[in-house]
Amino acid sequence: MVVGYQDLLGNPGDVLTRISKFLTEAETSTAAWHDNEIFLSEIDGFHVRATAVREDIPHHISVLDQLLTRYETSPPSEMNVSNAPDEVIVSEFTKFYDADYYLNSYDVVAYSREEPHWIKFFNQVADRIVADIAPARMLDVGCAIGLLVENLRDRHVDARGLDVSEWALAQIPESIKAFCTLGSITDELEGQFDLITCIEVLEHLPRSMASSAISNLCRHTDTVLFSSTPDEFKDPTHLNVETPVFWSKLFVANGFLRDFDFDASFLAPQAILFRRSPMDITDVVGGYERVLRDVSTTLRASYQHAVEEHNLLSAQFNELNGRIEAENVRADFDELEARRSAEAIATANAFSDFEKRQYLLAKQLESVEAELRESKAHVEGILRTRFYRYTWPFRKYYFLRRTAKRVPEFVDPPMETGPTEPSYSLWLQTYDTLDESSRARLRGQVEALPEQPLISILLPVHNTPLQFLTEAIDSVRSQIYSNWELCIVDDCSTDPMIPEMMQQFAAFDSRIKCLRREENGHISAASNTALSMARGSWVACLDHDDRLAESALAHFAMTISNSPNAGLIYSDEDKISETGAREDPFFKPEFDPFLLLGQNYLCHLSMYRKDLIDQVGGFREGYEGSQDWDLALRVTEELTSEQVLHIPRVLYHWRVHPGSTAKSLSAKSYAAGSGERAVKDHLERAKADGDVIPLPASGWNRVKWHLPASPPMVSIVIPTRDGRLLSRCIESIRNRSTYPRIEIVVADNGSLRRETLEYLRVNESWLTVIRDESPFNYPEINNRAVARSSGEVICLLNDDTEVLGGDWLEEMVSQLLRPSVGAVGAKLYYSNGQVQHAGVIVGIGGVAGHLFRMSDRLSTGDHGRMQLPHALSAVTAACMVVRREAWDQIGGMDAVNLPVAFNDIDFCLRLREAGWKVVWTPFAELIHHESISRGPDTEGEQAIRFDAEIEYMKRRWGTALREDPAYSPNLTLINEHCDLAWPPRVPRI
């Protein structure tokens, strides 16, 4: 909506009514204006109250506010503004050219002397004026803060300035303030000038004053460099926005014509240079004809050039059609990938900020709830005291006037405050609780599936507490996904109520099938009996005292539909405490066959294609307690890693009670031995050479792989520059390592300390020392040293590490020799024994973080992760062994983009990209004497370099930094301790 100033003066009541109507009917409602910009209220004739509610409202809204406020305090009838002369109008409007106008009304940047945009702009304008016009004396009308005047005077031009804004002139430096005058373009100018510039000034004058203003300019010069916006209507101080044609006519009336040969576009697209010229129509026509001819000639030449280029490109296209198409597709793909990467980075940054805020809010809520519990306990303690009971009659009348100064003793002490971290129960309420709308959405999604597979749930039962069994069956019957069958097998329970209850459920729901075995055969036999009853194409097991989440089968059905080649699907799980509360969530990684050798982390809820279970022979008797681990190993042997899928949602609730392994492994002591046998059988089937060693009191196993009879040569590459711990590092390798074939290569990057140089010289007989005097570049130093080493295995090692166990290298190399493993990392400790490195998770802290950093040395980590070898996306190069074949394939470390930080992370990610696996083992232990308090470079050039490397990693790896397959999206990227994510990076239902 555009409102002219004259309209506002002539009929203010009507204009303001139309403004109000426009604001009411526009997309920005009156309420929205109240929240965001300005609140208009009470239309009474032409009276409108306008109240600014934000300091940072747009400038044009601020001006409108001032106008409306002026009309309310002084009605037009009293001001007689309709008859006000132009000079009064201009005088009124000069009040708007204040700090707010210059600092807030410009779309690009604030108009100030500190803005590089305007400094650069007027510097270029001054250069062009001096080069193309060369005035000796000039006047800048509307000089504002004097930037053009200052630049021209610096170029030895006698430049002067004129402006109506007292605020703008006050910003001019003392050195040129004497040359800039307060005044209007309507005032008679003094003296003659070689050039007058009038840049974006005349649109601020009423139309009736435009002609006299131009005449005033033309009386004092023969050359005017002129510009006025033709389309900026938003600024309320723009009283006369017109096209260049309008202004050219006014200049012609004063004997000035456009200089057709002068290109003034360096000032603005609409800028014109006017010169005094005799009104000879022949010259005018000649000028226009000359311009038209030049334009026509340029267009014709451009057209001819375009035709020639088109013909050339057509010939090339016809000759290399297939290749060009492929390149075009690749270019389009790269562009889309670049956009996707940029969007992913922006989204990741926003998500990280949001998670931090949510995390802090959750902590505050948890703290408030703890204080509330403490206050309730405090009050309850008071209420239970004899003092409180005995003084009740007095308090009724005196309201504790005599007892307010002393606090009675409490029966119970106050409750302890809540945990420092937000609780799992709060997380469940926030992110894992279905409401009716989410149930309806999920139900709609499964109903829309093209196929709805029949899912068979196997439920072996033996002397189950009836309440637990009822809850287990009800959890199946309450599933959102309805195409299931429940195969219940009673393994000869001694409780007669169990088969009776089973029959009642079967009679009530036709999807429930029941069978009672004649003799007790234990869990494997009962599971096989249930399996024989199953008609579904997919099979899952439910323990008789556990529960399924109501959305469990729906998520599995959707995953099956989206992944027709899948053979095994598993979900996350948690436990149900003896009080009925959910606790101890197990947020699992994507499928990891290395971790599966150490523990059955797939466990609950796992769903198998039935033909695969039949193919491997079902559940094996004799493996009770670990029959599902044995089944998982046998089934995954028939599958690729891509066919084993993970649903990162808690879909199974494992009950904790005295008879369950969820509470203690001792409840089923035979389970650990069954698990050990299952893993041994797997190694035999895979013809893998290793020993299975049970880990005490955990039910987990360590597989200690055997080295070949002739183990590969290991080249230990140690970069250093006056490393004060270098000798300790090398001596620990020499004295404590038992690996038979070692070559130590020291890459000396310009050491100067006498002790370092003397140590290397004395030990040159058994050390390979490479002198490298180039500037520090960690990847390049390693790349050069590796190129001169001879080992089939490369061990990158920091010079501040110290070997602890003698078989550290045997452990790492034996893991490395497993099929498709490209790199292996070790477990590193700080000097105080706390964990420094137990693997790297990409995405933590923005790029990468060390998992479980600062944890206790003997900690198990998150569900055993710190005690078991497993696959990761990256490990640190402070101690990393690499196959030379893999090193050569990806070209070593990136010395161009990552000279100092993140080069080992990038190296591991490129290994995985090339098809190699990265493994971390806790059974190779070293001390890394790195300072615990040392952080990233945050000052000077190091900070600039560090930030650049962060940005490169984000561009290069994009969403991979938020989708580490070794780390659940339900766990935070804020810290390294597997805390809950607020919110999880899992799509909401």
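1. The crossing of helices α8 and α9 is right-handed. A crossing has that hand if the near helix is turned clockwise from the far one by less than a right angle, and is left-handed if anticlockwise. Helices (H or I, at least four residues) and strands (E, at least two) are DSSP runs, numbered from the N terminus. This is a predicted model, in which local features need pLDDT of at least 70 and side-chain atom pairs count only at pLDDT 80 or more, while totals for chains, interfaces and linings use all residues. Residues are numbered from 1 along each chain as its sequence is written, and side-chain values use heavy atoms, with hydrogens and water left out.

2. On the geometry of this pair: two packed helices are described by the angle between their axes and the distance between the axes. Helix α8 covers residues 116-132 and helix α9 residues 147-154; they pack at an angle of about 50°, and their axes are 9 Å apart. Axes are lines fitted to C-alpha atoms, for helices over the stretch in contact, and angles run from 0 to 180 degrees between N-to-C directions. The two helices are therefore oblique to each other. Angles under 35 degrees count as roughly parallel, over 145 as roughly antiparallel, 65 to 115 as roughly perpendicular and the rest as oblique.

3. Which residues of α8 and α9 meet? From α8 they are W118, F122, N123, V125, A126, I129 and V130, and from α9 they are L147, L148, N151 and L152. The residues of this contact divide into 9 nonpolar, 2 polar and no charged. Contact means heavy atoms within 4.5 Å. Ala, Val, Leu, Ile, Met, Phe, Trp, Tyr, Cys and Pro count as nonpolar, Asp, Glu, Lys and Arg as charged, and the others, Gly among them, as polar.

4. L726, S727, I730 and E731 of α28 make the contact with T756, Y759 and L760 of α29. By class, the contact of α28 with α29 has 4 nonpolar residues, 2 polar and 1 charged.

5. For the chain as a whole, there are 34 helices and 32 strands. Buried residues make up 50% of its 989 residues. Buried means under 20% relative accessible area, exposed over 50%, and partly exposed in between (1.4 Å probe, protein chains only). Of the contacts with a separation of 6 or more, 73% are between residues 24 or more positions apart.

6. Is helix α31 (residues 808-816) largely enclosed or open? It is largely enclosed by the rest of the structure, because 9 of its 9 residues are buried. They are W808, L809, E810, E811, M812, V813, S814, Q815 and L816.

7. L926 lies in strand β32 (residues 917-928) and is buried, at 0% relative accessibility. Leaving aside neighbours within four places in sequence, L926 is in contact with L797, T801, E802, V803, L804, W808, A826, K827, L828, Y829 and C879. W808 of this list belongs to α31. The C-alpha atoms of L926 and Y829 are separated by 6.4 Å, although the two are 97 residues apart along the chain.

8. G699 is in the loop between β19 (690-694) and β20 (701-705). With a relative accessible area of 16%, G699 is buried. Its C-alpha atom and that of Y670, 29 residues away along the chain, are separated by 9.6 Å.

9. How many disulfides does the whole structure hold? A search finds 0, a disulfide being a pair of cysteine sulfur atoms within 2.5 Å. For C143, the closest cysteine sulfur is that of C180, at 4.3 Å, which is too far for a bond. C143 is buried, with a relative accessible area of 2%, whereas C541, at 25%, counts as partly exposed.

10. Some backbone features deserve a look. Most residues other than glycine have a negative phi, and most peptide bonds are trans. A cis peptide bond joins H604 and L605, with omega about -10°; L605 lies in the loop between α24 (593-598) and β17 (606-609). Another cis peptide bond joins W982 and P983, with omega about 5°, and P983 is in the segment after α34 (940-957).

11. E200, not a glycine, has a positive phi of about 55°. E200 sits in the loop between β6 (195-199) and α12 (207-218) and is partly exposed at 27% relative accessibility. F902, also not a glycine, has a positive phi of about 65°. F902 is found in the loop between α32 (884-890) and α33 (903-913), and counts as buried at 14%.
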